[in-house]
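Please keep the coordinates open while reading.

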Amino acid sequence: MLDVIAVDPTTGNELFQVMTVEREACCNKPCIGCFACGSGCSDKVTLHVGRQEGPAGKVLSTDSVIGVVQQPTNGGGGLHPTLLVMDRDGMEEKALKVRGPTCFGGCSECCCDVDFKVDEDRALIRKTKPSSMQGALRELMTDSDAFTIEIKDKTMTPLHKAQLIGAMLLGDYMFFERDTDMISCENGALTFNLCNCFCFGCLCPCKISCGGGSGSGGGGE
């Protein structure tokens, strides 16, 4: 369960809780991150207005639900990471569609913004690249990420905007909260992950390695 809280932009003080983001843990969805072919392997969050108590996946109240964001169960969007934003679970015909690029993440995060388009051009969720060396080191060493949401369609309601915040948070969980996603040490070799390529729900890293083993000290994969 994740609490989304409004903050005073001047003082930084917390004002009130806007909504609760409910995301089931891996125990209930053990195949998340694999080929997205069913509900057990497709990620999803349920958005509740205000504060909700209880373990994720077991909140019984439906009156508080203001939206559902889920990965399509027919391959997760193919070669493009896709999220469906709905007012209620199962209402795919009324969904907003959030669609991202095939390749992103890894070391490319330090060089490139990552754009997720909402219904092609109604809105834009952007994972922004670091603007300084300090920001790049923060992304390298921590789980810190920076996102912006640009609303282009002025007819979008406050409810739609709240749902897009949920889509942004789920996208961050799914695609960018990966340990040692840029640099790691594997089998004594320093490994750089250039980017991740999305394929039917899976993230396939594109890596190169330097040193390690008993060879001459170079290599790639």
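## Lining of the largest cavity

Helix α2, which spans residues 158–175, gives the most to the lining of the largest cavity, with 5 residues; helices here are DSSP runs of H or I with at least four residues, numbered from the N terminus. The residues that line this cavity are L83, V98, F116, I125, F147, A167, M168, G171, D172, F175 and F176. By class the lining has 9 nonpolar, 1 polar and 1 charged residues, where Ala, Val, Leu, Ile, Met, Phe, Trp, Tyr, Cys and Pro count as nonpolar, Asp, Glu, Lys and Arg as charged, and the others, Gly among them, as polar.

## Basis and volume

The model is predicted, so that local features need pLDDT of at least 70 and side-chain atom pairs count only at pLDDT 80 or more, while totals for chains, interfaces and linings use all residues. Residues are numbered from 1 along each chain as its sequence is written, and side-chain values use heavy atoms, with hydrogens and water left out.

The structure holds 1 cavity of 30 Å³ or more, and about 60 Å³ of space lies in the largest cavity. A cavity is a set of points, on a 1 Å grid over the protein atoms alone, where a 1.4 Å probe fits but cannot get out, and lining residues have an atom within 4 Å of a point; grid points are joined across faces, edges and corners, and the volume is the space filled by probe spheres set on the points.

## Cysteines

The structure holds 0 disulfides, a disulfide being a pair of cysteine sulfur atoms within 2.5 Å. C112 is in no disulfide, and the nearest cysteine sulfur, that of C111, is 5.6 Å away. The sulfur of C185 is 11 Å from the closest cysteine sulfur, in C210, which is too far for a bond.

At 40% relative accessibility C112 counts as partly exposed, whereas C185, at 61%, counts as exposed; buried means under 20% relative accessible area, exposed over 50% and partly exposed in between, with a 1.4 Å probe and protein chains only.

Notes:
On a 1 Å grid over the protein atoms alone, a cavity is a set of points where a 1.4 Å probe fits but cannot get out, and a pocket is an open set with protein on both sides within 12 Å along at least five of seven lines; lining residues have an atom within 4 Å of a point. Helices (H or I, at least four residues) and strands (E, at least two) are DSSP runs, numbered from the N terminus.
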